[in-house]
Amino acid sequence: MNSALKITVIIPVYNVEHYLERCVRSILEQSYSVFEILLVDDGSTDGSGELCERLSAENDCVRTVHKENAGLGFARNTGLNSLRSETTHVMFVDSDDWLEPGMVATFVRAIEDTGADCVLGGFTKRDGEGNSQFEFKLEDAVWEGNELAMKFIPRVCGSAPEASDSIPMSAWSSLFAKTNIDEYDLRFPSEREVISEDFVFKFMFLRTCSKVATTSCVGYSYRTNLSSLTTSYRPDRFEACLYFFDYALRLVANSPAEADCVLRLTKTLFIYMKMCISQEVSRVSGKSRHDACSAIRKMAGDQRLLRVIDEYPSKRLGFAQRAFVELLKRRAANVLYMAAALGFF
């Protein structure tokens, strides 16, 4: 090891035999050698489990743990429960993603220079073929005290009404101190219960930090999930979004910037509503336009959602976002359907 930091990279694995080797190789080839790569085979039914074993046999720092399928969040928990005592820091990488050279070294340098409990970096979103779609970049900064509690942590909840200043809820492209995880026994909920399980872990972790560093390094390549919103229909997505919203409100209750967190979570809920409506488009849901519009009208008429809209300062939103919220309020299902079908959101 070329530093005191001993990093374990936890990679949940489920039916990704076409992508896993590139992911692991990108970590093995980092200029800073990680302590261990922990592959958690979440009951794969393709050749991923066997590939994990081969990668472990070929590389001393790669270890495989097999478990019954229970989803991404619980697979990460299995990884956390399987850490060796020597581990000082933890990084989560999804098995169809990869790291650009030098990313780990940059994160380690940030920890060593600042003494932060956590480092967060940017990412490049890529399509299924690996082509760049857009880049998200953070500033080089150190956050502590009131600045951390009041200005930084709320950004994980989403953007302010008049801004686009959110920090991704994802657990990847971050380096976490194991001492904080152990002291507060931090774990992920199941994404089958909470649709943004990453947010829960990340928000709770940041609340334990005395200092957080962000880096302008854009070293994480995130491959969009080809079986996600655009190709698969989840009939309970709207209910799941409302459940997450209420769950997150309980999580941020009594935090130093609770009011700001609530505002940001509400804007995130509106973004989730766009996803819910986009899912109803016939090419995704398989429904007729009439049935899809009926479903959209029912969602928009939900009393819980209407109360949230009434309490939100919509006038602070940009024009397009304000128009979307107004269409929800008016239950303009046909207009919302057309906007989704035409790709406006």
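Guide: Two strands pair if DSSP finds at least two bridges between them. Strands (E, at least two residues) and helices (H or I, at least four) are DSSP runs numbered from the N terminus. This is a predicted model, in which local features need pLDDT of at least 70 and side-chain atom pairs count only at pLDDT 80 or more, while totals for chains, interfaces and linings use all residues. Residues are numbered from 1 along each chain as its sequence is written, and side-chain values use heavy atoms, with hydrogens and water left out.

Two bridges join strand 5 to strand 12 (residues 220-223) in the antiparallel sense, and L99 has Y220 as its bridge partner in strand 12. Next comes strand 7, which pairs with strand 12 in the parallel sense over four bridges. Here K125 stands opposite Y222 of strand 12. Finally, strand 7 (residues 123-126) meets strand 8 in the antiparallel sense, again over four bridges, with T124 bridging to E135 in strand 8. Five residues lie between strand 7 and strand 8, which form a hairpin. In that turn, look for G130 and its positive phi of about 95°.

There is another open sheet, with eight strands in the order 3-2-1-4-10-6-11-9 and mixed pairing. Its edges are strand 3 (62-67) and strand 9 (141-144), each pairing on one side only. From one strand to the next, the twist averages 20°. Inside this sheet, strand 1 (residues 7-13) and strand 2 (residues 36-42) run parallel and are joined by six bridges.

Helix 1 lies across strand 1, strand 2 and strand 3, and runs at about 175° to strand 1. Angles run from 0 to 180 degrees between N-to-C directions, along axes fitted to C-alpha atoms, for helices over the stretch in contact. Helix 4 (residues 103-114) lies across strand 1, strand 4 (89-92), strand 6 (118-120), strand 9, strand 10 (174-177) and strand 11 (211-214). To strand 6, helix 4 runs at about 135°.

Helix 1 (residues 20-28) also packs with helix 2 (residues 48-58), at an angle of about 25° and with the axes 11 Å apart. The two are therefore roughly parallel (under 35 degrees; over 145 is roughly antiparallel, 65 to 115 roughly perpendicular, the rest oblique). On the helix 1 side, L20, E21, V24 and R25 meet S48, L51, C52, R54, L55 and E58 of helix 2, contact meaning heavy atoms within 4.5 Å.

A second pair of helices is helix 8 (residues 237-252) and helix 12 (residues 303-311), packed at about 50° with their axes 11 Å apart. That angle makes helix 8 oblique to helix 12. F238, L242, F245, D246 and L249 of helix 8 make this contact with R304, L305 and V308 of helix 12.

One last stop is V284, in helix 10 (residues 282-285). V284 and S232 are 52 residues apart along the chain, yet their C-alpha atoms are separated by 6.4 Å.
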